[in-house]
Amino acid sequence: MRYLVLSDIHSNLEALEAVLQAADARKHDQVLVLGDLVGYGADPNAVIERVRALEPAGIVRGNHDKAAAGIDDTGDFNEVARAAAEWTLRELTPAYRQYLAGLPAGPALVDDVIEICHGSPRDEDTYIFSDTEAIRALRASRRPVCLFGHTHVPLCARFLGQGRLQVDTPKGLPEFEVVVQEGQKQLINPGSVGQPRDGDARASYAIADLEIGRVLIYRVAYPVREAQAKILSAGLPSMLAHRLAMGR
Ligand code: ZN
């Protein structure tokens with residue numbers, strides 16, 4: 001089984017199309033989506049339509065999906081995120097708002113090897129930024145590979161033994177390989193399709209190939225300027241356009 005893994009698309013249709021095109025050339029059987037389909041970008045309806053058509057084998061909601069569906073308030077959002085969530089809530093068709101409202105909370109078990117979540121397997125809204133949080137997440141995960149999103153930073157974390165943690169990041173590489181090891185639990189973030197935050201503006205995604213026991217994280221360039229122009233003409237905060245070019 002080869003899974004295409006998409007996270008944090010954030011209404012960025014240009015980035016999603018580029019990823020799907022690149023991923024098709026690499027072949028995959030099923031799609032996994034780790035939440036935050038919408039929020040920040042200018043194409044929430046088109047992105048949901050595209051994701052729904054992929055018929056994901058596994059999908060969980062993100063905090064922005066909850067806000068845009070009106071099922072969670074934006075109390076813990078910053079000003080820019082809140083403005084974008086309110087814009088998205090107004091922009092969504094009733095059917096797509098309902099689709100978002102119906103997305104399940106993570107974590108979700110996909111098969112014997114993979115578990116997916118948005119934030120952490122402990123809690124869907126928790127960010128895994130620190131070693132402490134990564135250790136808690138590894139303890140909570142119930143599969144050898146736990147795929148997560150939310151931080152928009154691609155990485156792999158695993159135990160070295162005696163509670164020590166090994167964290168690896170792709171650091172600008174076009175391709176980054178994680179070996180799935182027997183008896184080892186790993187946390188893997190495929191990075192963000194639509195709003196990368198590791199200083200690399202290219203869209204990030206992963207392919208989890210269980211036949212060869214590898215998870216590969218890839219980057220692909222997309223027409224950033226088109227996505228920026230749409231954000232500005234929609235009247236969304238201009239910072240959301242600027243950050244796409246910086247990958248921050
Ligand atoms: Zn996100």
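Predicted model: local features only at pLDDT ≥ 70, side-chain atom pairs only at ≥ 80, totals over all residues.
Student: Which residues coordinate the zinc ion?
Tutor: A donor is an N, O or S atom within 2.8 Å of the metal (3.2 Å for Na, K and Ca); water is not among the atoms, so a site may look incomplete. Here D8 and D36 each contribute OD, and H10 and H152 each contribute NE2, at 2.1 to 2.3 Å from the zinc ion. Along the chain, these donors have the spacing D-x1-H-x25-D-x115-H. The pair H10 and D36 links distant parts of the chain, 26 residues apart. H10 lies in the loop between β1 (2-6) and α1 (13-26), whereas D36 lies in the loop between β2 (30-33) and α2 (44-53). These elements are DSSP runs numbered from the N terminus: helices (H or I) of at least four residues and strands (E) of at least two.

Student: In what order do the 6 strands of the open sheet lie?
Tutor: Two strands pair if DSSP finds at least two bridges between them. The order in this open sheet is β3-β2-β1-β11-β12-β9, with mixed pairing. At its edges are β3 (58-59) and β9 (175-179), each of which pairs on one side only. Within the sheet, β11 (residues 203-209) runs antiparallel to β12 (residues 214-220) over 7 bridges, and A206 has I217 in β12 as its bridge partner.

Student: Which strands pair with β10?
Tutor: Strand β6 (residues 145-147) pairs with β10 in the parallel sense over 3 bridges, where V145 stands opposite Q186.

Student: How are the faces of β10 to be read?
Tutor: Side chains of a regular strand alternate between the two faces of the sheet. In β10 (residues 186-189), both faces are covered: Q186 and I188 are buried on one side, L187 and N189 on the other.

Student: How many aromatic pairs are found in the whole structure?
Tutor: Rings of Phe, Tyr and Trp (its six-membered ring) pair if their centres lie within 6.5 Å; planes under 30 degrees apart are stacked, over 60 edge-to-face, and the rest tilted. The search finds 2 aromatic pairs. Y127 and F129 are stacked, because their ring centres are 5.5 Å apart and their planes stand at 5°. Y127 is partly exposed at 39% relative accessibility, while F129 is exposed, with a relative accessible area of 62%. The pair of Y205 and Y218 is tilted, with 5.5 Å from centre to centre and 35° between the planes. This pair links distant parts of the chain, as Y205 is in strand β11 and Y218 in strand β12, 13 residues apart. Both Y205 and Y218 are buried.

Student: What is the overall make-up of the chain?
Tutor: The chain has 8 helices and 12 strands. Its C-alpha trace spans about 50 × 35 × 30 Å along the principal axes, and 55% of the 248 residues are buried.

How values were computed
Residues numbered from 1 in each chain as written. Heavy atoms only, no water. Buried < 20%, exposed > 50% of the residue type's maximum accessible area, 1.4 Å probe, protein only.
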